[in-house]
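I opened the model today to look up a few things about its contacts. My notes follow, entry by entry.

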Amino acid sequence: MAARRSPACRDCRATDAARRSLMDAPISRRRVVQLGFGAAVSVYAAQTLSNRDLLAAASAEAAAAPTAPVLVNVFLPGGVDLLDTLVPADYGRYADLRGAVKVTDPLALAGTDVRANPALGAGLGGGVAGLFDRGRIGFLPGIDYANPDLSHFNSRHYWETGRIDTGPGPGWLGRWIDRHGTGDNPFQAMSLGSTLSPLLRGTSRPAAAVSSPADAQAWVPNVWGEWDDSYRAHWTKVAGHTPSGAGPAAVYAAARQSQQVARALAPYVAQDGKPDPLASPVAWPKPDDAPGGGSDFSEELRVLAALLAQPLGIRTATIEASGQFDTHDDQKNELSSGLKGVSTALAAFQADLEARRIADRVLTLVWTEFGRRPEANASGGTDHGAGGIAWVMGTRAKSGILSTYPDLRTFDGEDNLKVTVDFRTVYASVLEQWMGTGADEVLPDAGKVGRLKVVA
Amino acid sequence: VEVTPVAAPARSRSSSWTAAHAERLLWRAGFGGTPAERAYWHHRGRGATVSWLVHGGHGPHGARSMVGAKPRVDGKALDPVNVWGHDRLWWLDRMVRSQRPLVEKLTLFWHDHFATAEQETPLMLAQNKLLRAHALGSFPDLLTAITQDPAMQSFLSLVDSSKDDPNENYARELMELFTLGADNGYTEKDVREAARALTGWQGVWKEGEPLRVRYVPEAHDDGVKTILGQRGRWDWRDVLRIVVARPEHATFLVTKLWTFFVGDTPPDKATRRALARTYVRSGHRIAPVVQDILSSPALYRKLDRPAMVKWPVVQIAGTLRQVGRPIDTDAWSWLQEEMGQGLFDPPSVAGWDWGAAWMSTASMRARFIFATYLCSDAPVEVGKHTASVRWNAADHVRHARKATGDPWTSAATDAELGRLARGFLAKGRTPQGDTPDYIARLTQAALRHFLLSGPDAQLC
């Protein structure tokens with residue numbers, strides 16, 4: 001069967017004994033193939049790379065600004081339904097609209113008259129609902145933009161670029177990196193996973209896509225030790241060229257930066273017999289414990305929390321949740337399963353940052369491309385709609401319900417919720433209040449969209 | 001359909017049809033070629049090559065439909081339905097061995113265009129067969145078939161969408177992604193009206209998956225609808241007919257096909273109009289449009305500086321062809337995903353992002369690892385007696401090129417390969433006691449890996 005994801009890091013599975021034996025020369029090719037390639041490089045790299053190599057540009061930047069704010073951007077793909085996620089105060093009207101789809105046992109949220117889907121109670125300390133109760137979350141119900149486009153791809157594109165324009169353009173965080181990033185540190189703009197998020201695309205500055213330190217390593221068969229160093233030097237020299245054209249430029253940049261990322265992350269690859277350099281101070285859910293396909297998301301967030309504590313100079317990181325939120329059918333189960341995975345992973349992430357004492361410099365923005373039709377459809381789901389949900393999370397996030405909950409009795413001309421806050425208002429507010437930089441240099445409409453308090 | 005190349009003498013070895021032209025065309029219209037295949041088509045000329053690609057017939061391997069060793073993993077034949085990743089290997093094998101490379105390439109195009117995911121393997125394999133059968137045929141026939149396809153209907157909630165409450169999912173993507181393009185001449189109202197017209201499909205379900213779908217007239221909304229300005233008691237066939245007849249459809253589809261084969265530079269106005277005309281006049285057939293695109297001078301621009309980023313599966317299948325390696329490991333299944341393109345699992349109904357978006361540090365690392373796997377086994381692996389201590393640097397580069405199917409490289413790469421070989425050989429006997437024989441093999445291993453993993457190997 002075509003499973004949705006490949007087994008994580010298939011190429012770095014190795015037993016402790018087997019890894020040790022790698023150091024005994026000569027190593028047969030068969031043997032290394034059995035062991036996996038990640039194992040070989042991690043042992044070799046950790047032995048030969050000095051701290052000087054590791055620190056390089058990344059740590060210079062991190063050292064220069066050890067408390068620089070970090071923005072973590074979490075995307076929930078598909079269009080998360082507002083009503084079943086944050087259940088409105090007017091339950092009677094809600095129940096009429098939703099019929100059998102409705103959430104029957106929502107959780108109270110301290111100090112508010114809305115309630116949460118019970119799946120948001122999953123995870124450490126009561127999950128996302130628990131974080132809200134402890135003042136770590138500000139919810140943004142009704143978020144969207146005027147005349148919402150119900151296409152996943154148009155709407156996503158607007159959120160990704162920060163412009164209401166279907167034409168191609170760089171991501172809004174890519175534009176921020178263009179203004180405030182450096183020319184030599186790919187970690188400044190990092191996507192978790194194997195592709196660079198459209199949020200970061202289009203930047204002329206380095207950016208990285210990383211699943212884990214082990215997954216960033218690469219090994220060359222039959223070329224060892226100093227010969228390998230020499231080989232990499234020749235390879236990297238070619239990659240140093242900057243050809244014209246979008247395709248060649250992207251290939252050569254990725255080639256250069258992939259070698260840089262591998263070198264910088266090599267010391268963080270777990271070695272047998274030694275403590276895991278990225279071991280977490282909190283109990284993360286085991287990947288299998290996160291239903292709704294939350295496992296990759298949870299694992300990537302775990303790696304991110306650990307890397308944020310290292311001197312890598314990460315300024316913005318993007319990550320996509322594994323859940324499926326385009327709930328045209330069977331919304332009750334699909335949404336619950338998706339939100340459970342999100343809640344479990346985000347609760348562990350926030351607890352991890354707090355335990356590492358780096359939470360005060362990390363703000364997380366969670367978003368989805370649109371909301372859903374208030375009235376349920378006949379498939380036990382909801383169709384694309386307007387007025388979705390987003391939230392800011394962190395020890396310094398402004399907590400509470402930060403925008404007006406849409407009225408359930410008057411809809412827009414297409415039977416959708418009326419939008420109560422523009423996502424660009426939130427972007428502009430985050431840039432100014434959190435990143436401490438101007439909003440208009442990144443968002444062309446920053447002057448028109450107003451501001452909202454998102455940082456306490 | 002007659003072959004009518006847009007320009008140039010068909011059978012000629014003049015500068016209008018060089019080996020580089022043949023190499024470019026084989027990559028863009030298929031999955032590259034072996035050095036022998038490139039030489040064969042260079043000799044035959046552009047017209048014959050395009051004709052063979054579009055229409056099939058006798059090629060370098062006669063009339064055989066599949067050429068080369070059958071796939072075997074762990075000593076066994078593939079089991080696409082039951083073993084993880086074997087569905088992907090099964091298709092990859094067709095890309096490697098099929099003598100209708102353009103058919104496989106367009107099947108891949110349609111898999112991206114009518115992107116479907118999260119469905120059971122038998123349904124996905126059935127859909128794949130459907131896409132292949134219509135790959136170069138009539139677009140309306142393809143659209144009719146895919147609209148009735150259980151995997152598609154299940155993915156986009158068309159199955160069980162009934163008159164009481166039509167589901168808009170399929171109607172929206174039909175216009176936005178499949179036929180017209182986003183915001184291209186339709187409104188939200190058109191989507192909702194089309195959704196009504198598309199009602200009537202019901203599934204025969206087993207364990208939450210539709211085994212098959214059937215049309216149930218009682219579930220269909222037979223009222224009057226207005227779709228794209230046309231009023232009538234429309235049903236699903238009418239919707240497909242109405243959208244395909246729009247002028248926006250022809251422009252949208254020919255532009256997408258152009259981008260697929262030619263790259264990021266969109267066709268100029270006159271070219272787009274000519275392609276749309278060819279498409280409409282042929283009765284909305286794919287082959288004539290593709291034939292014109294493959295014959296267009298724009299496809300052969302900058303032969304010395306390829307600018308298209310190879311799709312991950314094109315890189316895998318093409319490199320396996322180039323080095324002459326059959327499907328013999330399931331590594332290609334998970335590597336294609338790490339490279340950013342897991343077959344049968346597109347990231348969304350919009351398919352994959354092409355071009356520069358294929359590249360990231362992680363996907364480049366996966367492409368590097370792909371070369372590592374290739375260099376770890378026959379035929380690319382450097383065995384005990386494959387490198388000679390008598391070879392000089394130029395000999396080494398020549399042998400490495402031969403072992404890797406002589407891929408295109410830039411002048412910068414050529415120069416660096418030479419420096420690498422000279423540097424390695426100059427080290428001579430090392431303090432660790434490495435023998436000349438060992439150094440010869442190291443040199444050869446490094447050169448081969450470079451040719452398959454370097455930035456130039458990602459471009460075509």
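**Entry 1: salt bridges**

I ran the salt-bridge rule over all chains and got a count of 40. This is a predicted model, and I read every value below with that in mind.

I looked at one pair inside chain A to begin with. R372(A) and D326(A) form a salt bridge, with N and O 3.0 Å apart. Where do R372(A) and D326(A) lie? I found R372(A) in the loop between β9 (362-367) and β10 (388-393), and D326(A) in the loop between β8 (316-320) and α12 (331-355). The two are 46 residues apart in sequence, so the pair ties together separate parts of chain A. I also checked the cover on R372(A): its relative accessible area is 1%, and it is buried.

Next I went to chain B. R196(B) and E193(B) make a salt bridge at 3.1 Å, N to O. Both sit in helix α10 (residues 188-197) of chain B. They are three residues apart, about one turn of the helix. E193(B) has a relative accessible area of 11%. The cut-off for buried is under 20%, so E193(B) counts as buried.

I then took R365(B) and E338(B). Their closest N and O atoms are 3.9 Å apart, and the pair forms a salt bridge. The bridge links distant parts of the chain. R365(B) is in helix α17 (residues 361-374) of chain B, and E338(B) is in helix α16 (residues 331-338), 27 residues away. Are R365(B) and E338(B) buried or exposed? Both are buried.

Salt bridges with shared partners join R373(A), D415(A), E168(B), R172(B), E188(B) and R192(B).

**Entry 2: the interface of chains A and B**

How many salt bridges does the rule find across the interface of chain A and chain B? It finds five. I picked out one of them: R192(B) with D415(A), where the closest N and O atoms are 3.9 Å apart.

I counted polar contacts too. There are 22 residue pairs in polar contact between chain A and chain B, with both residues at pLDDT 80 or more.

Which elements of chain A give two or more residues to the side that touches chain B? I listed α2 (29-35), α7 (152-161), β7 (208-210), α9 (225-239) and α10 (246-265). Helix α10(A) gives the largest share, 12 residues. I sorted this side of chain A by class and got 35 nonpolar, 24 polar and 18 charged residues.

I wrote down the totals last. The contact takes 77 residues from chain A and 80 residues from chain B. About 6400 Å² is buried between the two chains. Carbon and sulfur atoms give 55% of that area.

**Entry 3: two buried side chains in chain B**

I looked up R88(B), which is in helix α4 (residues 86-97) of chain B. Its relative accessibility is 1%, and it counts as buried. What does the side chain of R88(B) meet? I found a polar contact of 2.7 Å with the side chain of E337(B). The backbone oxygen of S333(B) lies 3.1 Å from a polar atom of the R88(B) side chain.

S295(B) came next. I placed it in helix α14 (residues 286-295) of chain B. S295(B) is buried, at 1% relative accessibility. A polar atom of its side chain lies 2.8 Å from the backbone oxygen of Q291(B).

**Entry 4: chain A as a whole**

I counted 13 helices and 12 strands in chain A. Of its 456 residues, 59% are buried. The accessible surface of chain A is about 16100 Å², and 50% of it belongs to carbon and sulfur atoms. I also checked contacts between residues at least 6 apart in sequence: 72% of them join residues at least 24 apart.

A129(A) counts as buried, at 6% relative accessibility. Leaving out residues up to four places away in sequence, I found that A129(A) touches L107(A), L109(A), L120(A) and G121(A). I checked F75(A) against A129(A) as well: the two are 54 residues apart in sequence and 19 Å apart in space, C-alpha to C-alpha.

Methods
Residues numbered from 1 in each chain as written. Chains lettered and ligands numbered in written order. Predicted model: local features only at pLDDT ≥ 70, side-chain atom pairs only at ≥ 80, totals over all residues. Heavy atoms only, no water. Contact = heavy atoms within 4.5 Å. Buried area = accessible area lost by both parts, 1.4 Å probe. Salt bridge = Lys/Arg side-chain N within 4 Å of Asp/Glu carboxyl O. Polar contact = N/O pair within 3.5 Å; in protein donor to acceptor, adjacent residues only side chain to side chain. Helix = DSSP H or I, 4+ residues; strand = E, 2+ residues; numbered from the N terminus. Nonpolar A, V, L, I, M, F, W, Y, C, P; charged D, E, K, R; others polar. Buried < 20%, exposed > 50% of the residue type's maximum accessible area, 1.4 Å probe, protein only. Areas by Shrake-Rupley, 256 points an atom, 1.4 Å probe, with all protein chains shown as cover.
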